[in-house]
Amino acid sequence: LAALRLVSLHSNEPDCGPVDGWQAPMKMMIEMDILGLKNFTNSAVEAVYSVHATVLLFLLCLTAVFYLFKGVASMTNSNVMDQMSNLSQRQVGSLSKEMWRLERQQDMLKKRLDWLQDKVDQVD
């Protein structure tokens, strides 16, 4: 949160303190000359600023990729579930038709067995 405050573009009041209030805080820090170490301060602040921006950019990209993968996985899972549901419904329908056919065949075979047993009983 403090780093975001440093790079913000919001200006302060112009008469608020010994610095130019119309500049962003990061710009003021870069232009400060503390004990004659302006070059060191400039390089340190720029390094922190560039690393901070790089890390922030990396985290944003990583988050975007994560959400893209999550969205693709969710869509894929939804499509697979729909396809599996359709497939299982077709298989259940096919199996119920097969069971109906086998029940009819069983009834026919029972009638044939009864008829054959009657024939055997008549011959004896």
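Q: How do you know whether Phe66 and Tyr67 are buried or exposed?
A: Both Phe66 and Tyr67 are exposed, a class that requires over 50% relative accessible area, while buried means under 20% and partly exposed lies in between (1.4 Å probe, protein chains only). The model is predicted, and local features need pLDDT of at least 70, side-chain atom pairs count only at pLDDT 80 or more, and totals for chains, interfaces and linings use all residues. Residues are numbered from 1 along each chain as its sequence is written, and side-chain values use heavy atoms, with hydrogens and water left out.

Q: How many aromatic pairs does the structure hold, and what makes a pair stacked, tilted or edge-to-face?
A: The structure holds one aromatic pair. Phe66 and Tyr67 form this pair, with 5.5 Å from centre to centre and 70 degrees between the planes. Rings of Phe, Tyr and Trp (its six-membered ring) pair if their centres lie within 6.5 Å, and planes under 30 degrees apart count as stacked, over 60 as edge-to-face and the rest as tilted; the pair of Phe66 and Tyr67 is therefore edge-to-face.

Q: Why is the contact of Arg101 with Glu98 called a salt bridge?
A: The closest N and O atoms of Arg101 and Glu98 are 2.6 Å apart, and a salt bridge needs a side-chain nitrogen of Lys or Arg within 4 Å of a carboxyl oxygen of Asp or Glu, so the contact qualifies. Arg101 and Glu98 are three residues apart in helix 3 and so are separated by about one helical turn. With relative accessible areas of 41% for Arg101 and 35% for Glu98, each residue counts as partly exposed.

Q: What makes Val51, Val55, Phe58, Leu59 and Leu62 a surface patch?
A: Patches are made of residues with over 30% relative accessible area and no salt bridge, like charges being joined within 9 Å and nonpolar side chains (Val, Leu, Ile, Met, Phe, Trp, Tyr) within 5 Å.

Q: Which charge has the patch of Asp114, Asp118, Asp121 and Asp124, and how do you know?
A: Asp and Glu count as negative and Lys and Arg as positive, with His and the chain ends not counted, so this patch is negative. The place of a charge is taken as CG of Asp, CD of Glu, NZ of Lys or CZ of Arg. Asp121 is found in helix 3 (residues 38–123) and is exposed at 54%.

Conventions:
Accessible areas come from the Shrake-Rupley method with a 1.4 Å probe; for residues, only the protein chains shown count as cover. Helices (H or I, at least four residues) and strands (E, at least two) are DSSP runs, numbered from the N terminus.
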